[in-house]
Amino acid sequence: MPLKTVQMRFINNKIALSFFLLVFSSAITNAQEIIKDSAVVATKKIQSNQKQKIDGVIATIGDYIILDSDIDKSYLELSSQGNSVKDITRCQMLGKLMEDKLYAHQAVQDSVKVTDSEIKGMMDDRLNYMTEQLGSLEKVVKYYKKNNEEEFRTYFFDILKEQKLTSEMQKKIVDEVEITPEEVRNFFKKIPTAELPLFGAEMEVAQIIVTPKVSDADKQLVIDKLNGFKKECQDGASFATKAVLYSQDPGSSTNGGYYKMNRRTPFVKEFKDVAFSLAEGEISAPFETSFGFHIIYVEKIKGQEVELRHILLTPSVTEASMKEAKEKIELIRKKIESKEVTFAEAARSMSDEKETKVNGGALINPKTQDTRFELTKMDPSLYSQVSNLKEGEVSLPLLEDEQGKKKYKLITVTNRIDEHTADYAKDYIKIKELALKEKQIKTIGKWFDEKIKGTYVKVIGEYRDCAFTNNWLKK
């Protein structure tokens, strides 16, 4: 039986449908306006029987309202992202919109903070994407039926703020859910033998990295440039503008180098150490990580969270250094092929990648945090490198270029696991994920039941006949 079917069997239908609709949340930009109760009700023509359809308030959740046209906008947004909407009813779509409003309303009640700078960063990213898709910002404004850019930006800012409040509230609920080994064991025991999930073929992979050496002179050039940026910013220049123009971090450069992080955020240790050592408004000295050299500017400190901007520069590598690195990795491969050393021994003693060398080069799956990679879910670039390798075979040296940093790599498949029925001992991590997901879904269901009881909720007109998955009508 497919894994998805097995999961759903153990999740009550009410909660399952709620989560089914949440799948679409990344595609929907929540393109409904937050309108005060005093808003003027509009009318619009519809095709059937040429009657007038009232575009008024159809639901109220706490301080938020939903218009009938918001459902149409949600359908439009889903369709524009290439998603099928034929199986989603208006009642289901309204239920999803009401869930988002309740998340946002409760986030305000719980004092979940969302900063203007964070929303502006999100807006820049979204506008860049939409402008790329439609061809110009003017077309984006027209698409959303706004009179000018200023009106659109004000409108879109409110949408993104509500969306961020929603996601932060969801995260807060889920992050508080933990699961014990006993709960995992009980989850597995209740699955009938005939309905145990089937896990796809997997493999375990290891690699050896040789990084071309960068001369001290080239490093100093980058350090001097970063020190120059620091002085200019201390004299009044915009750090965000410098990041947009010069930073080599593709994940943040278009956003002015902005990141929001806490001590659990998965950044490299050196970066986090510097970030949490700075005072608000302070700019760090240049420092080095495996990605290159950085400077950090701390914008705000809120409890355990830091809002910062950074600039990354990567020193250039000479042709002589590239040649030397290639010769080194070819020699390592030759020693492995001749059985002088095992792949794991070579990784521990000769690899330049600190994260993997201590484990004999073994790669960790970032999604599961174990060493197994399911073939159907493997990163395409990694799959292309290992798909034709036999177990124990070592690849030819591979040249990679990540964010301007070049390196040579040897890769090998250390273990292949065929498609198999779930085994508690062998697949504990995957089973734990399923058990945790079920507990999270149930926790969200209980949260909805509790918060709906204590929140003002009103559904108007024909939508009161909807069979909602949550008890919005408080029957």
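Predicted model: local features only at pLDDT ≥ 70, side-chain atom pairs only at ≥ 80, totals over all residues.
Leu97 belongs to helix H4, which covers residues 90-109. The C-alpha atom of Leu97 lies 9.6 Å from that of Ala59, although the two residues are 38 positions apart along the chain.

## The chain as a whole

The chain has 475 residues, of which 45% are buried. Its secondary structure consists of 16 helices and 15 strands. Among contacts with a separation of 6 or more, 67% are between residues 24 or more positions apart.

Side chains of opposite charge can pair when their charged atoms come close. The structure contains 26 salt bridges. One of them joins Asp110 and Lys172, with 3.6 Å between the closest N and O atoms. Asp110 is in the loop between H4 and helix H5, whereas Lys172 is in helix H7, and 62 residues separate the two in the chain.

Because Glu118 lies in helix H5 and Lys164 in helix H7, the pair ties together parts that are 46 residues apart in sequence. Glu118 and Lys164 are both buried.

## A bridge from helix to strand, and a network

Lys430 and Glu202 also form a salt bridge, their closest N and O atoms being 2.2 Å apart. This pair links helix H16 (residues 428-453), which holds Lys430, to strand E6 (residues 202-210), which holds Glu202; the two residues are 228 positions apart. Lys430 counts as buried at 11% relative accessibility, and Glu202 is buried with a relative accessible area of 2%. Elsewhere, salt bridges with shared partners join Glu118, Lys164, Glu168, Lys260 and Glu305 into one network.

## The packing of helices H12 and H13

Two packed helices are described by the angle between their axes and the distance between the axes. For helix H12 (residues 319-337) and helix H13 (residues 343-350), the axes come within 9 Å and cross at roughly 150°. The crossing is right-handed.

On the H12 side, Lys328, Ile332 and Ile336 take part in the contact, and they meet Phe343, Ala346 and Met350 of H13. By class, this contact comprises five nonpolar residues, one charged residue and no polar residues.

Technical notes
Residues numbered from 1 in each chain as written. Heavy atoms only, no water. Axes fitted to C-alpha atoms, helices over the stretch in contact; angles between N-to-C directions. Helix = DSSP H or I, 4+ residues; strand = E, 2+ residues; numbered from the N terminus. Left-handed = near helix turned anticlockwise from the far one by under 90°. Contact = heavy atoms within 4.5 Å. Nonpolar A, V, L, I, M, F, W, Y, C, P; charged D, E, K, R; others polar. Buried < 20%, exposed > 50% of the residue type's maximum accessible area, 1.4 Å probe, protein only. Salt bridge = Lys/Arg side-chain N within 4 Å of Asp/Glu carboxyl O.
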